[in-house]
Amino acid sequence: MKNFLIYAAAAVSLAVCGSANAATFTPADCKPGNIHFCVEGNAQGPNVDDYITGIFTNSFNKVTKINDTFLFRIDKNGIGSGGLQTSFSSKSTLLTISDLIINGVSYATTIVKTTAGTSVNVNSVVIDKGAMNTIQVLGSYQPLSKGAQANYTGNLTFTAAVPEASTWAMMILGFGFIGYVARRRKAAHRVNPALTA
């Protein structure tokens with residue numbers, strides 16, 4: 001797998017203090033285990049892919065307050081989208097996502113909670129070239145029986161920005177105007193052979 005993101009920071013902390021879980025992850029954490037963040041596609045210049053995908057996940061097996069942050073950079077302007085779902089290993093678990101915050105914007109009002117779990121889908125997130133992007137997952141896990149496990153899994157996609165039709169029209173008109181001016185200058189510098197005789 002290519003190394004496609006600038007590592008925003010090393011995994012700053014993986015602290016589990018009593019019932020709290022606060023951690024920060026980067027694509028360097030792409031490894032098997034309870035917590036990982038993996039991407040596919042080249043997000044680094046000079047040849048940044050126009051389409052990049054990623055996955056982030058965390059698993060729990062004891063009472064936990066969830067506060068996970070995922071960091072990444074992409075060297076191209078574009079639009080991001082994705083989703084987050086919870087998964088249960090048995091009916092004796094309760095994993096709840098209370099908020100999904102992307103680049104400082106809360107998507108708590110778009111979270112759907114059912115007896116089967118929690119999910120949220122997000123579209124049209126602006127990704128600025130070279131900016132630090134953050135995905136923060138907040139929630140809690142309360143197993144109702146000993147040994148119960150659950151996890152959340154998120155997916156993300158990035159699509160490079162495509163110039164709008166008006167941008168293309170302005171560019172074509174600009175090239176046309178430059179060509180017109182160059183042609184006029186060339187015609188103004190021609191010497192009429194009949195006048196020089």
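This is a predicted model: local features need pLDDT of at least 70, side-chain atom pairs count only at pLDDT 80 or more; totals for chains, interfaces and linings use all residues.
## Overall architecture

The protein chain contains one helix and twelve strands, and along the sequence the elements follow the pattern β-β-β-β-β-β-β-β-β-β-β-β-α, with the helix coming after the strands. Of the 197 residues in the protein chain, 35% are buried. Among contacts between residues at least 6 apart in sequence, 73% join residues that are at least 24 apart.

## Surface and the nonpolar patch

The accessible surface of the protein chain amounts to about 11,700 Å², and carbon and sulfur atoms account for 59% of that area. On this surface, Met-171, Phe-175 and Ile-178 together make a nonpolar patch of about 330 Å².

Met-171, one of the patch residues, lies in helix 1, which spans residues 165–188. Its relative accessibility is 36%, and Met-171 therefore counts as partly exposed, a class that lies between the 20% limit for buried residues and the 50% limit for exposed ones.

Rolling a probe the size of a water molecule over the atoms shows where empty space is left. A search of the whole structure finds two cavities of 30 Å³ or more, and the largest cavity has a volume of about 200 Å³. The lining of the largest cavity consists of 20 residues, among which Gly-80, Ser-81, Ile-102, Ile-135 and Leu-156 are the closest to its centre.

Several strands contribute to the lining of the largest cavity, with at least two residues supplied by each of strand 6 (78–88), strand 7 (95–102), strand 10 (117–127), strand 11 (133–141) and strand 12 (150–160).

## The salt bridge

Side chains of opposite charge can pair when their charged atoms come close. The structure holds one salt bridge, formed by Lys-76 with Asp-50, whose closest N and O atoms are 2.5 Å apart. This pair links distant parts of the chain, since Lys-76 is in the loop between strand 5 (64–72) and strand 6, whereas Asp-50 is in the loop between strand 3 (35–40) and strand 4 (51–60), and the two residues are 26 residues apart.

## Ser-106 and its surroundings

Ser-106 is placed in strand 8, which covers residues 105–106, and with a relative accessibility of 41% Ser-106 counts as partly exposed. When its neighbours within four places in sequence are left aside, Ser-106 is in contact with Asp-99, Leu-100 and Ile-101. The C-alpha atoms of Ser-106 and Gln-136 are separated by 9.2 Å, although these two residues are 30 residues apart along the chain.

## Residues with positive phi

Asn-103 has a phi near 50°, a positive value in a residue other than glycine. Asn-103 is placed in the loop between strand 7 and strand 8, and its relative accessibility of 29% is the reason why Asn-103 counts as partly exposed.

Ser-124 has a phi near 60°, again a positive value in a residue other than glycine, but Ser-124 is found in strand 10. Because its relative accessibility is 58%, Ser-124 counts as exposed.

Note on methods:
Residues are numbered from 1 along each chain as its sequence is written. Side-chain values use heavy atoms; hydrogens and water are left out. Helices (H or I, at least four residues) and strands (E, at least two) are DSSP runs, numbered from the N terminus. Buried means under 20% relative accessible area, exposed over 50%, partly exposed in between (1.4 Å probe, protein chains only). Contact means heavy atoms within 4.5 Å. Accessible areas come from the Shrake-Rupley method with a 1.4 Å probe; for residues, only the protein chains shown count as cover. Patches are made of residues with over 30% relative accessible area and no salt bridge: like charges are joined within 9 Å, nonpolar side chains (Val, Leu, Ile, Met, Phe, Trp, Tyr) within 5 Å. A salt bridge is a side-chain nitrogen of Lys or Arg within 4 Å of a carboxyl oxygen of Asp or Glu. On a 1 Å grid over the protein atoms alone, a cavity is a set of points where a 1.4 Å probe fits but cannot get out, and a pocket is an open set with protein on both sides within 12 Å along at least five of seven lines; lining residues have an atom within 4 Å of a point. Grid points are joined across faces, edges and corners, and a volume is the space filled by probe spheres set on the points.
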